[in-house]
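The following report describes a single protein chain, moving from individual residues to the chain as a whole. Please read it alongside the sequence and the coordinates.

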Amino acid sequence: MPSSPAKVLVLGGTTEARALTRLMDAASIGGVLSLAGRVARPAPQSLPMRMGGFGGAEGLAAYIRSEGITHVVDGTHPFAAQMSRNAHAACLETGTPLLALTRAPWVAEAGDNWLLVPDMAGAVAALDRPAARVFLAVGRMHLAEFAAQPQHDYLLRLVDPPEGALPLPKAEAVIDRGPFTEEADLALMQRNGTQLVVSKNAGGSASVAKLRAARRLGVPVVMIDRPALPERAEAHSPEEVLRWLGHVTDLGV
């Protein structure tokens, strides 16, 4: 008897997950892309989408069973730690194969001036210093934590316009969606007189431009380390995921 077709749940939110959905669509691999719903206007995708959470690991396990999910690919942002932990627990409970589509973290290069901190609280503590013009590239979910350092002039880059007043007394929000270019980020930082960058170590190419611009300008960077996650199988490209799913792709070789 032929095996049942795959139905892959892709937990998305990254450039790599979007690239994976395009490859899956081209290879006629069935699946669903799940997004957390934190972006009001998500970009068009190649797979059917669902928005919002599952209700923890138990809710995700119930969804896997009810929808006949055969494989789960965790393509969430490296800092979406709770979703990744829930996926790990749900796949263990249901016996569903799990693969994480991960990015290599950024590594400091010659000319970089990085202060490494373990978490968001460490980044807030690192800003306990005289007032400066800070490019705060941590996403809107963490802005309120930096209200503990109100002396700075903050430059924020957000995908969606903020709802209501910003939690920072001195802040300017730029609404834009990556990927970003080095020259554009250089111009943005020069125009705003940026003296310090605060960034999550997200890895990948979509938002690395700000680090290259900071290097050229000699601007220091507070770099926030990634959260610890359960051990799981990992792939580092969408093509690797398709091979894991048992499909051969044209790698141009």
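Ser28 is found in the loop between α1 (15–26) and β2 (30–35), where helices (H or I, at least four residues) and strands (E, at least two) are DSSP runs numbered from the N terminus. Its phi is near 55°, a positive value in a residue other than glycine. Most residues other than glycine have a negative phi. With a relative accessible area of 67%, Ser28 is exposed; buried means under 20% relative accessible area, exposed over 50%, and partly exposed in between, with a 1.4 Å probe and protein chains only.

This is a predicted model, in which local features need pLDDT of at least 70 and side-chain atom pairs count only at pLDDT 80 or more, while totals for chains, interfaces and linings use all residues. Residues are numbered from 1 along each chain as its sequence is written, and side-chain values use heavy atoms, with hydrogens and water left out.

Gly12 lies in the loop between β1 (7–11) and α1, and it counts as buried at 11% relative accessibility. Not counting residues up to four places away in sequence, Gly12 touches Ala17, Leu33, Ser34, Leu35, Gly75 and Thr76, contact being heavy atoms within 4.5 Å. Thr102 is placed in the loop between β5 (98–101) and β6 (114–117) and is buried, with a relative accessible area of 14%; leaving aside its neighbours within four places in sequence, Thr102 is in contact with Arg232, Glu234, Ala235 and His236. Leu188, by contrast, lies in a helix, α5 (residues 182–192), and counts as buried at 6% relative accessibility. Beyond residues up to four places away in sequence, Leu188 touches Phe135, Leu155, Arg157 and Val174.

| Pair | Separation in sequence | C-alpha to C-alpha distance |
|---|---|---|
| Gly12 and Gly75 | 63 residues | 4.9 Å |
| Leu188 and Phe135 | 53 residues | 9.7 Å |
| Thr102 and Ala202 | 100 residues | 9.9 Å |

The largest nonpolar core has 20 residues, and those with the most contacts inside it are Leu136, Val138, Phe146, Tyr154, Val198 and Ile224. α4 (120–126), β7 (133–137), β8 (153–158), β10 (196–200) and β11 (221–224) each supply at least two residues of this core. Such a core is a set of buried Ala, Val, Leu, Ile, Met, Phe, Trp, Tyr and Cys residues joined through side-chain atoms within 4.5 Å. Phe146, leaving aside its neighbours within four places in sequence, is in contact with Met120, Ala123, Val124, Leu127, Leu136, Val138, Tyr154, Leu168 and Val198. In soluble globular proteins, nonpolar side chains tend to be buried together.

Over the whole chain, the secondary structure comes to seven helices and twelve strands. The radius of gyration is 20 Å, close to the 18 Å that the globule rule gives for 253 residues, so the chain is as compact as a globular protein of that length; the radius is taken over C-alpha atoms, and the rule is 2.2 Å times the number of residues to the power 0.38. Along its principal axes the C-alpha trace spans about 70 × 45 × 30 Å. Buried residues make up 43% of the 253 residues, and of the contacts with a separation of 6 or more, 65% are accounted for by residues 24 or more positions apart.
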